[in-house]
There are 2 protein chains.
Amino acid sequence: MSELKGACIFGQSGGPTSVINASAYGVIATALKNPSITRVLGAEHGIKGVLNDRLFDMGQEDPAELELLKYTPSSALGSCRYKMADPDVDDTDYKRILEIFKKYDVRYFFYNGGNDSMDTCNKISKYMQKVGYECRVMGVPKTIDNDLFGTDHCPGFASAAKYIATSCMEVYQDARVYDTGMVCIIEIMGRHAGWLAGAAALATAYGAGPDLVYLPEVDFDMDQFLADVERIYKEKGNCMVAVSEGIHYADGSFVSEAKTSATDGFGHAQLGGLASLLAQVVKEKTGAKVRGIELSLLQRCGAHLASETDIEEAVMSGMAAVENAVNGITDKMVGFERSYEDGQYVCKTKLLPLTDVANTEKKVPIEWINAAHNGVEKPFIDYVLPLIQGEPKLPKEDSLPRFAKLKKVLVK
Amino acid sequence: MSELKGACIFGQSGGPTSVINASAYGVIATALKNPSITRVLGAEHGIKGVLNDRLFDMGQEDPAELELLKYTPSSALGSCRYKMADPDVDDTDYKRILEIFKKYDVRYFFYNGGNDSMDTCNKISKYMQKVGYECRVMGVPKTIDNDLFGTDHCPGFASAAKYIATSCMEVYQDARVYDTGMVCIIEIMGRHAGWLAGAAALATAYGAGPDLVYLPEVDFDMDQFLADVERIYKEKGNCMVAVSEGIHYADGSFVSEAKTSATDGFGHAQLGGLASLLAQVVKEKTGAKVRGIELSLLQRCGAHLASETDIEEAVMSGMAAVENAVNGITDKMVGFERSYEDGQYVCKTKLLPLTDVANTEKKVPIEWINAAHNGVEKPFIDYVLPLIQGEPKLPKEDSLPRFAKLKKVLVK
């Protein structure tokens, strides 16, 4: 494979996570050191930054600030949710991207995101191949939802899982202090896959977590749910429930959507508000004191509770994307493969064709969900536990997080 | 002062905090070592445990588990919200308490809580004096609301403040990643006092916090609020708002209560839901994407983010209660006095008459709130900052918190 010299563009796309900037660090720091890469450009708001010619010169950043990206949540360069058209129908965006690539002699394109972002990445890769413009395109995985196909897990998931499990353990202590009893319902992100809601069961495995966990992989039955809650509340005087925001009835309609239609305008417009809807239903049925808690954005940006394993793997995936591209690889996403050496969890990178990854969702295996559809089985716990290990070395200033401050110098 | 020998009872009351168990540790560990105290009893669910003769023998606990109380959130012995009657009207409870005190030869009573709990403590103290039963009664302060009279601050406040500030800094990163803009509204506890909502401004002082902060010390004006949000959203493309759950209109009615009356049964019955109400109003007015986040119980049980200063002071207040009582003091609450030595924050305990403390609320000084009533001034920041310093030495097991596990052996 002959050496390919040129600039690289790196972009972040989709919902942010606690460690997407750690992947950014992996890409940027590795690219800045590599002699084949002449210039490292960061796209403002993902592919939109390319389309709008809004590119930051990452070489002008202070290396110490770049390193702080490892511990800085959310997308430091800005993100986007931008669906690329089918290039056979409308190739306007693709022509524009090619124009920008040519303008800056871009020969490497690294795109960090989830399912939709890998679709973007894949389409750009295929377009560049079609028009014969040599550019190595690599996807870097990211999603708290953990639903990317072909990889053991995704950077971002473990830190959110750890945040959820820890918060559940703490709320468990709090939600049972009175002798009057309480039902506590915790709403967790994950519209189609229940990886995050299932992670709440880690808290249960360590003695202080939800009694019931509902995942979107199986249909939700309100009557069964109420019977479950009532049974446990009668038994224990308390009941803690974790629900995925994406739970749905057998007809496919989201349970959370009932709210919007049933209220007079104060219902949440976004998906969410499920916890308070279920709290209300449980209150009416049981008369119990009920509290609904939505973990909301907190679960995906709680960098102070990130998993150091997740951070290191996020950096590793970014590094691997650059190193493989420089070595001649293109049209792939970096994925993870897990093994155990002397019982110790080991994670290595592997490469997956972008075509396979784009738009395919990986859900929790049905056999990891219990027969009653209100909890997860031990293999789920065994799967998640190694991923959440280690405390982040987040620097603090006056006991508050010191996040990266980038200069974001636009390329002229 | 002659030595008084006898058993002690310790109870926890009111809403739990991240460090109320640290105070419990201070009381219990000190009492267990003191030769004047013959037996250390823990009341199950505060004063209810005394009334119901449900007392734990704290001497039977493993010392290592007791020490873990320093890092375990919520009320390990159980809490209560129990309003004692005026003993001149109905002395049933007081007679029962005296009976239990005599049964176990209780000569020391330590009660850990906020305003209402200090009222309980005060009433019991005065009753015992009136009937001539020698028992030294000491209040140990606790409240995330920081609204106890006569003390510089209260254990529990700083840890909640740190949780709030850190979470705001993280959400700040997340809530501005898209180029489409967003208004983010964070609802914070504090029904009558704005100490906790004000603490969100710590995040702003460190470059990543709310643009607007609304406290219950001043009347809320919805039109002014909407104008504030609209101005900042137009200016910056984003707007982050922190609101106290207790904000109210000039007529005294809670802003959050509008929701309950306006909805068809899905509105929150408890105080709460304010964030989503305001989010909806802002959305209708501005058309912006809006997200409401309620920090809910998380802010008062987030022990992993506790302030080590708060933990140490909570322990100190418990120790001081026991030591002073053994030395002959009674009918007081332990409070804190702040000084600065060579510019370094120093906190010492002081003693306040229970009569003065019971039922008096300390609010944020009006001069610490800005003229526009949508933020706090620097003295507020200077007040809070020393309190949140230091990281807790929370032990973990497999990277999840290892909280205290008490045996809770009931006294026969």
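A crossing of two helices is called left-handed if the near helix is turned anticlockwise from the far one by less than a right angle, and right-handed if clockwise. The model on screen is predicted, so that local features need pLDDT of at least 70 and side-chain atom pairs count only at pLDDT 80 or more, while totals for chains, interfaces and linings use all residues. Residues are numbered from 1 along each chain as its sequence is written, chains are lettered from A in the order in which they are written, and side-chain values use heavy atoms, with hydrogens and water left out.

Select helix 8 (residues 222-236) and helix 10 (residues 274-286) of chain A, which pack at an angle of about 65 degrees with their axes 11 Å apart; axes are lines fitted to C-alpha atoms over the stretch in contact, and angles run from 0 to 180 degrees between N-to-C directions. Helix 8 of chain A passes helix 10 of chain A in a right-handed crossing.

Next, select helix 4 (residues 92-103) and helix 5 (residues 115-131) of chain B, whose axes come within 11 Å and cross at roughly 75 degrees. That makes helix 4 of chain B roughly perpendicular (65 to 115 degrees) to helix 5 of chain B. The residues that meet include B:L98 and B:F101 of helix 4 and B:I124 and B:Y127 of helix 5.

Stay on helix 5 of chain B, where twelve of its 17 residues are buried, that is, under 20% relative accessible area with a 1.4 Å probe, protein chains only. Finally, just after helix 5 of chain B, select B:G132, which takes a positive phi of about 75 degrees.

How values were computed:
Helix = DSSP H or I, 4+ residues; strand = E, 2+ residues; numbered from the N terminus. Parallel < 35°, antiparallel > 145°, perpendicular 65-115°, else oblique. Contact = heavy atoms within 4.5 Å. Buried < 20%, exposed > 50% of the residue type's maximum accessible area, 1.4 Å probe, protein only.
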